[in-house]
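Work through the exercises below with the sequence and the 3D structure at hand. Each task is followed by a solution in steps.

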Amino acid sequence: MRLTEEQKQSYRDKGYVMPLRLFSGEEALKVRQEIEDLERNHSAGSGTHDLNRLFRINGQVAIPLLAQIAQTPELLDAVEDLIGPDLMVWSCELFIKEAGTEKIVSWHQDLTYWGLGETDDEVTAWIAFSDVSREAGCMRFIPGSHKQRILPHRDTFDEGNLLSRGQEIAVEVNEDEAVFDVLKPGEMSLHHGRLFHASGPNHSGDRRIGMAIRYISPNVEHSADHNDYAMLVRGANRNRNWINFAPARHLFGENEMRLYNEILAAQAGTLSAGAEETVNLYDVQHTTT
Ligand SMILES: O=C(O)CCC(=O)C(=O)O
């Protein structure tokens, strides 16, 4: 899937491209079923693995299904057109909003707490595995907002917010300018790491299931005082700024879980930096010192 000149220009001007068809409806449904099988077999309390966390951060390390989706060649073609031929995956995350629930995502810029600076070499692919309509709480984007620097954010720690610290941008966002990222199952959007975006509650009769994949170029400099980790999916890790790791082979395998815990422990300080309260990294509590 190569992007047209128009699509690339749209990304440069507006900070996003959408919708793009990645999987057929049938393929998307199959993935949804696999996700829901995982939930049935491993939901908190019934299994030994806490999907709250494994679905919400670095899923590619422990869940082969997510690692495999992140390596889909057509998806990599589109991402390559935006950030170049060397591609790494920094994180895979599932954003699930149950039918008829009030969970939201506040207005934010992704790069705020990731320790990746203000780079233009990070892009998120967000793939729909259900009908992601306005009613279901699709994402909303403010066109052109990625041209701003990272603005101050405040933490709300709101329980109804899917973000780890309920962070929201500390400036007025003109919601009238927002564009709705409506996606059918199997479609995706690509958005820039400084784009202002948010999403509302799911007032539809079905769950809203999306997978966000954070792609970076290995050129991205991170601010961690140790090497950060990312999974090479195309080209080469030339700068060696990143510890490259292999995609998950075994679901929650021993090696996979060891690496998972190592990575999250290493990233926790950066992800929690500056917070005045304990940041709950999807059940791993982390307090900054
Ligand atoms: O899934 C959502 O509603 C928000 C996701 C998001 O903020 C992101 O992928 O950067």
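**Exercise 1.** Find the bridge partner of Ala-125 in E9.

Solution. Step 1: take the two strands, E4 (residues 122-128) and E9 (residues 187-192); strands here are DSSP runs of at least two residues, helices are H or I runs of at least four, and both are numbered from the N terminus. Step 2: E4 and E9 pair in the antiparallel sense over five bridges, where pairing requires that DSSP finds at least two bridges between two strands. Step 3: Ala-125 has Leu-190 as its bridge partner in E9, and Ile-127 has Met-188.

The model is predicted: local features need pLDDT of at least 70 and side-chain atom pairs pLDDT 80 or more, while totals for chains, interfaces and linings use all residues. Residues are numbered from 1 along each chain as its sequence is written, and side-chain values use heavy atoms, with hydrogens and water left out.

**Exercise 2.** Describe H6 (residues 254-272) from its length to its end.

Solution. Step 1: the 19 residues of H6 reach 27 Å from first C-alpha to last, close to the 27 Å expected at 1.5 Å a residue; the expected span is 1.5 Å times one less than the number of residues. Step 2: a kink of about 30 degrees is centred on Ala-266, the bend being the angle between axes fitted to the seven residues ending at a residue and the seven starting there. Step 3: buried residues of H6 include Tyr-260, Ile-263, Ala-266 and Gln-267. Step 4: just after H6, Gly-274 takes a positive phi of about 80 degrees.

**Exercise 3.** Which residues does Thr-112 touch, not counting residues up to four places away in sequence?

Solution. Step 1: Thr-112 lies in the loop between E3 (105-108) and E4. Step 2: Thr-112 touches Ile-150 and His-153, contact meaning heavy atoms within 4.5 Å.

Methods
Buried < 20%, exposed > 50% of the residue type's maximum accessible area, 1.4 Å probe, protein only.
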